[in-house]
Amino acid sequence: MAHVESQHAQGQQAHGQQHPLGIYLWIWGLLFVLSTFSYLVDYFHLHGLLRWSLILLFMILKAGLIVAVFMHMAWERLALIYAILVPPVLILVFVALMTLESDYTFLTRETFFGFGH
Amino acid sequence: MSHSAAVVEDKATHAPRSWNTLVRDWSSDQRAFKNVPWGKAMMWIFLLSDTFIFSCFLLSYMTVRMSTLDHWPNPSEVFALHIGGRDIPLILIAIMTFVLISSSGTMALAVKYGYQKDRHKTAILMILTAMLGATFVSMQAFEWTKLIREGVRPWGNPWGAPQFGSSFFMITGFHGTHVTIGVIFLIIIARKVWRGDFDIERKGFFTSRKGRYEIVETTGLYWHFVDLVWVFIFAFFYLW
């Protein structure tokens with residue numbers, strides 16, 4: 001059984017990630033367009049909620065395309081996808097914690113140093 | 001016998017994605033990451049840990065920016081360049097972004113041609129990637145020089161919150177270091193590809209193991225990750 005498995009594993013190593021040229025060029029172009037859009041957000045001085053949501057939208061789209069196609073994650077097995085992509089989600093908890101913490105620091109600073117400004 | 005077993009197993013591996021395959025992979029003997037060479041799996045795990053490092057940098061930047069009483073310098077103005085008689089906001093950073101994305105594209109193609117064992121195309125595309133990466137680092141050096149001349153220090157700057165400098169130097173410095181290491185890595189692997197090391201299975205100088213074209217994909221993963229991190233730095237540090 002072990003013999004079969006190792007043979008099987010070697011057989012699978014022989015063929016790597018093979019995908020048509022078109023998909024790479026297509027994603028490449030899309031990344032250029034999305035980068036231009038995110039630059040234009042700054043160029044046209046958009047601000048407030050619109051600015052932040054557009055920045056995040058273009059960022060997530062670009063990151064998704066790079067990971068899914070250029071890094072071939074779209075064609076990997078679930079075992080690898082979940083092992084790599086789930087842990088970073090926990091960073092959001094860290095973001096929430098640090099938001100609370102910095103709000104508190106801001107409040108404290110305003111209370112003690114705020115009058116000087 | 002082993003042939004028929006392989007066929008059955010193959011059917012299982014090419015089954016549609018489901019929790020069943022996930023559970024079967026993770027509870028299987030010896031290898032959890034099937035279809036993936038060990039070098040590539042290790043690179044992914046390294047990149048996961050690197051994700052946390054960059055997250056810590058960006059999070060500390062978020063924390064200092066949210067908690068300071070001073071005005072945060074406007075990156076749009078700080079990184080503007082005076083071209084043709086007027087200030088164009090953030091233009092250098094935009095060009096750097098396009099350079100890095102271009103390099104990601106050439107890298108993706110290098111991986112593709114690597115698996116087709118077209119060693120000349122692969123090597124040329126990798127060298128092109130390295131050159132674009134070097135261009136990126138040079139532009140970053142220019143940007144650092146400009147900001148240092150204008151008085152930006154890790155402990156202060158002329159425009160507002162002193163934390164701006166420390167965040168800027170730490171985040172872009174660490175990213176630039178990654179790009180530099182990537183360029184060196186790319187040149188080393190491109191040389192091996194050009195020489196045909198992976199066709200004649202020449203043993204590596206360092207590892208004494210036979211190399212395969214998969215190292216091109218592994219290098220590519222690192223390079224795309226560097227581009228990926230820049231996407232986040234661009235969004236959070238320069239655009240926010």
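The model is predicted: local features need pLDDT of at least 70, side-chain atom pairs count only at pLDDT 80 or more, and totals for chains, interfaces and linings use all residues. Residues are numbered from 1 along each chain as its sequence is written, with chains lettered from A and ligands numbered from 1 in the order in which they are written.

- Leaving aside neighbours within four places in sequence, B:Met126 is in contact (C-beta atoms, placed from the backbone, within 7 Å) with B:Ala110, B:Leu186, B:Ile189, B:Ala190 and B:Val193.

**Helix α2(A)**
- A:Tyr24, A:Leu31, A:Ser38, A:Tyr39, A:Val41 and A:Asp42 are the buried residues of α2(A); buried means that 20 or more other C-beta atoms lie within 10 Å of the residue's own, with C-beta atoms placed from the backbone.
- Their cover includes α3 (49–70) of chain A together with α4 (75–78), α5 and α8 of chain B.
- Just after α2(A), A:His45 has a positive phi of about 55°.

**Chain contact**
- 55 residues of chain A are in contact with 53 residues of chain B.
- Helices of chain B that each supply at least two residues of the side touching chain A include α1 (2–13) and α3 (38–67).

Key: Contact = placed C-beta atoms within 7 Å. Helix = DSSP H or I, 4+ residues; strand = E, 2+ residues; numbered from the N terminus. Buried ≥ 20, exposed ≤ 12 C-beta atoms within 10 Å, placed from the backbone.
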